[in-house]
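These are my notebook entries on one protein model.

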Amino acid sequence: MIDLYTWGTPNGRKVSIMLEELGIEYTVHEIHIGKDEQHEPAFLAISPNNKIPAIVDQDAPGGPLNLFESGAILVYLAEKTASPLLPTDVRKRAATFQWLMFQMGGVGPMFGQAHHFLRNPKEVVPYGQKRYHSETQRLYSVMDDHLETNAYFAGDDYTIADIAVYPWVARYEWHQTDLGEFENVNRWFKELSARPAVEKGMAVPFLN
Ligand SMILES: N[C@@H](CCC(=O)N[C@@H](CS)C(=O)NCC(=O)O)C(=O)O
């Protein structure tokens with residue numbers, strides 16, 4: 001049994017999609033980040049960087065295991081279940097990690113900043129808006145070029161790299177991106193959207 005501490009954000013949904021794909025039983029604990037619940041001591045004991053998502057694996061060898069950082073959680077769950085979502089073939093595994101890191105170090109932080117500057121009703125900062133919107137568009141071009149000759153990020157197979165990127169692309173309206181301009185990303189996005197596990201995972205803990 002996995003306890004999932006999450007909120008309705010892209011990073012949280014990576015993990016709920018993964019758990020749905022794996023068919024693992026899990027209990028959702030909502031951490032309302034708008035109400036600062038991420039700073040409560042009980043949550044900090046699991047996730048000391050005060051961010052969702054985090055999990056507790058009650059059945060880990062040696063006793064309950066706490067884990068934060070969505071990328072680490074995806075790898076942990078794939079390894080725990082020996083899932084093909086993290087291939088064992090050396091080249092495919094390397095490609096999966098490469099695109100997972102691309103998401104963790106690029107897509108997540110840059111799209112997140114784009115949302116911050118483009119959707120902040122209190123203070124308009126044109127430089128911040130321009131910088132992160134253009135960086136977002138650049139990342140879409142990188143993804144679009146790659147997906148022109150690859151069905152998925154790691155090549156022929158659907159992996160945790162796709163699960164990591166998907167919930168961020170799902171917020172395309174927030175970062176003012178026309179998916180019609182990126183036909184390969186659009187094709188990939190539509191295919192993943194049709195997966196029942198993706199649809200279910202995206203609704204955890206609520207839809208927005
Ligand atoms: N690198 C982290 C980022 C997690 C993250 O930024 N979580 C956000 C929500 S998407 C959060 O909990 N923010 C609350 C805060 O910063 O106080 C991961 O991938 O898990």
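I took accessible areas from the Shrake-Rupley method with a 1.4 Å probe, and for residues only the protein chains shown count as cover. On that basis I noted that the protein exposes about 10300 Å², with carbon and sulfur atoms supplying 52% of this area.

I recorded that the model is predicted, that local features need pLDDT of at least 70 and side-chain atom pairs pLDDT 80 or more, while totals for chains, interfaces and linings use all residues. Residues are numbered from 1 along each chain as its sequence is written, and side-chain values use heavy atoms, without hydrogens and water.

I looked up the secondary structure, where helices (H or I, at least four residues) and strands (E, at least two) are DSSP runs numbered from the N terminus. I found eight helices and four strands, in the order β-α-β-α-β-β-α-α-α-α-α-α along the sequence.

I checked the radius of gyration, taken over C-alpha atoms, against the globule rule of 2.2 Å times the number of residues to the power 0.38. The protein has 17 Å, which agrees with the value near 17 Å for a compact globule of 208 residues.

I counted a residue as buried under 20% relative accessible area, exposed over 50% and partly exposed in between (1.4 Å probe, protein chains only). Buried residues make up 50% of the 208 residues.

I then examined Thr9, in the loop between strand 1 (2-6) and helix 1 (10-22). Thr9 is buried because its relative accessible area is 15%. Leaving aside neighbours within four places in sequence, Thr9 is in contact (heavy atoms within 4.5 Å) with Ile33, Ile52 and Arg171.
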